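Let's take a friendly walk through this model, one region at a time. Keep the viewer open as you read.

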Amino acid sequence: MGVLDLINKENDIKNLSPQQLPELAWEIREFLIGNVSKTGGHLASNLGAVELTMALHLVLDFPKDKLIWDVGHQSYTHKILTGRKAGFERMRQLDGMSGFPKRTESDCDCFDTGHSSTSVSAGLGFARARDLMGEDYSVVSVIGDGALTGGLAYEALNNAANLQTNFIIVLNDNKMSISENVGGLSRHLASLRTAESYQEFKSEVHSSLERIPYGERVARRIHKTKSGLKQLLIPGMIFENMGVTYLGPVNGHNLNDMVHIFNEAKKVNGAVVVHVQTDKGRGYRPAELRPDKFHGTGPFDVETGRLISPKKKPDYTDVFSTVMCKIAARNDKIVAITAAMSDGTGLRRFRSEFPDRFFDVGIAEGHAVTFAAGMAASGLHPVFAVYSSFLQRGFDQLVHDVCMQNLPVIFAIDRAGLVGADGETHQGLFDLSYLSMIPNMTVMAPKNKWELADMLWFASRYDGPIALRYPRGTACDTMKSFREPVCHGKSEWLFEEEEIAIFAVGNMVETAMQVRELLKAKGHSCSLVNVRFVKPIDTDSIRKAASSHTLIVTIEENIIHGGFGSSVEEFLERELPGTKIMVCGIEDSFVPHGAVPLLRKRYGLDAESLAMRIEAGREQ
């Protein structure tokens, strides 16, 4: 029996001897590698945080104490130590265990996460609530150095400086987010890594001062002054200057050192940052060599590190990458912006070919949007490539800084619609709704890879805010013969018949083709329209369909409220009341993790479910 077999519930780790702890760390890594190789998931970040998590569990008491993970993709060891080993067999699968912290999973998960830079704000909220309610427990927020590039973290740190009771912020410094970290904070932390003798030196200085006359008075003066030891030895000590105590750096793979420093941190009456240095991918050579590749991975062969099902066809991100470089080669006003996702959004090649026109702003989507607005106002034509659910974090800037000024910013929105295993926080199901409501915004969605290319070229010549949303996964390479020129606000009629008119958005066109065949097999006549422009809607095509069909159907992989179908419904109610319409999309709910085909089936967006619903609606 291994040491890991002794861990079956929270706090079991405290029953182990010091000699068993290194073995436990090794077994946890073996467990993670073996399980993630089968299910896929976030590997490198979890391998780097094994000892860090163990140290926190040795110091904290669960579920009484509160541990908040920033993003939460590095919480796998925490799940193991709180009795969820069995859940790893179906992790990230429909109705299985989430790859992120979930309050519904365990009392030891006190806060759901999935996006970055939120943990300090949430932890401070817990600390204030604890004090207000007269309770007694520790609050620890774990945030990575990549997440510290997000502005929300600094708002929280600024607020935390006023706290007079204990709140521990663990800075997990592994020198990476997903892509390599950029910016001033990254350079600052690099300088801290060269000052590991600081704490020892400070202690020696104070000991020496205490042995001389008036030494204690000198020590107090040094402690109080802004030009004290930290400022002398480590210029720009950002946390202390903000009023937050700083401890570290400490080796994030030395359990004894971390247990000691965490216990010391619990004694601080106020907010305290504990700087822990870890190695992303530790213990698995392929992940150590390519932590970016193993940040989020599909199933892989443990011996070689190679994906079991490697990508065989280009995905939409690949198409975007290729076309972006072609456009930039012809137009020197085109610049590319990413929020720490150059690889994920397909901008690695652009960065290589046009380094002076590539900008990584860190995990700061709101800043990225306004940064793009400034560039556009100065005469450039910026392209902000971003995941759909991440762009939500820049909504105010979309409204106020880009669209209100009608500036030519292109939003290349990747991972739109259902994305699968990452679950609620990553499903791109709201972009059509929140983008369509903003004046001056144009919103497009391509049906296949050729239309994505055409729309990018169209966007590069468009003088105003424009968004192009496309899904995760292999780019559709069917319907090549349907390639009308992209014309602003105009749909594309793929089949023109009678009875039922289906208006399908983006990647749902391919599904709608199957729906049409199923309906025709049942004897129904069916037109199919590729929407192309979600905003402005093609009112001419809607009027045409209303005059010649008995039922209009809209299909979109987006929340129904505020989406394309809602816009069509509102138009018909206003101008053609009595027209029969069926709106198909995601109902008012957050969609959990699971394979996209299974999610479509569950939410009625697969071809068979849609055909059955349309036929039933046609007969009512």
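Predicted model: local features only at pLDDT ≥ 70, side-chain atom pairs only at ≥ 80, totals over all residues.

Residues are numbered from 1 along each chain as its sequence is written, and side-chain values use heavy atoms, with hydrogens and water left out.

Back to Asp95, which is found in the loop between helix 4 (76-81) and helix 5 (119-132). Helices (H or I, at least four residues) and strands (E, at least two) are DSSP runs, numbered from the N terminus. Asp95 has a positive phi of about 65 degrees although it is not a glycine. Met479 also has a positive phi, of about 60 degrees, without being a glycine. Met479 sits in the loop between strand 11 (466-469) and strand 12, and it is buried, with a relative accessible area of 9%. For context, most residues other than glycine have a negative phi, and most peptide bonds are trans.

One joins Phe62 and Pro63, with omega about 0 degrees, and Pro63 is found in the loop between helix 3 (50-59) and strand 1 (66-69). Another cis bond joins Gly248 and Pro249, again with omega about 0 degrees; Pro249 is found in strand 4 (residues 245-251).

Next, look at strand 14 (residues 526-530). Is this strand mostly covered or uncovered? Strand 14 is mostly covered, as five of its five residues are buried. Cys526, Leu528 and Asn530 point one way, Ser527 and Val529 point the other way, and all are buried. Strand 14 pairs with strand 12 (residues 492-495) in the antiparallel sense over three bridges; two strands count as paired if DSSP finds at least two bridges between them. Within this part of the model, Trp493 has Val529 of strand 14 as its bridge partner. Strand 13 (residues 499-504) runs parallel to strand 14, and five bridges join them. Ile500 has Cys526 of strand 14 as its bridge partner. From strand 13 the chain crosses through helix 21 (residues 508-521) to strand 14, a β-α-β crossover that is right-handed: with the strands pointing away from the viewer, the path from the first strand over the helix to the second runs clockwise.

Helix 20 (residues 449-460) is worth a look as well. Its 12 residues reach 17 Å from the first C-alpha to the last, close to the 16 Å expected at 1.5 Å a residue, where the expected span is 1.5 Å times one less than the number of residues. Because 10 of its 12 residues are buried, helix 20 is largely enclosed by the rest of the structure. The buried residues include Trp450, Leu452, Met455 and Phe458. Asn448 caps the N-terminal end of helix 20, with a side-chain oxygen 3.3 Å from the backbone nitrogen of Trp450. That is a polar contact, meaning a pair of N or O atoms within 3.5 Å; within protein, one must be able to donate a hydrogen and the other to accept it, and residues adjacent in sequence count only if both atoms are side-chain atoms.

Thr338 is buried, with a relative accessible area of 0%. A polar atom of its side chain lies 3.0 Å from the backbone nitrogen of Met341, and the Thr338 side chain reaches the backbone nitrogen of Ser342 at 3.4 Å.

Finally, turn to the largest nonpolar core, where Phe320, Phe350, Ile502, Val553, Ile555 and Ile614 touch the most other members out of 63 residues. Helix 14 (residues 316-330) gives the most to this core, with eight residues. Such a core is a set of buried Ala, Val, Leu, Ile, Met, Phe, Trp, Tyr and Cys residues joined through side-chain atoms within 4.5 Å. Apart from this core lies another, of 52 residues, among them Ile33, Met97, Cys108 and Val268.

How values were computed. Buried < 20%, exposed > 50% of the residue type's maximum accessible area, 1.4 Å probe, protein only.
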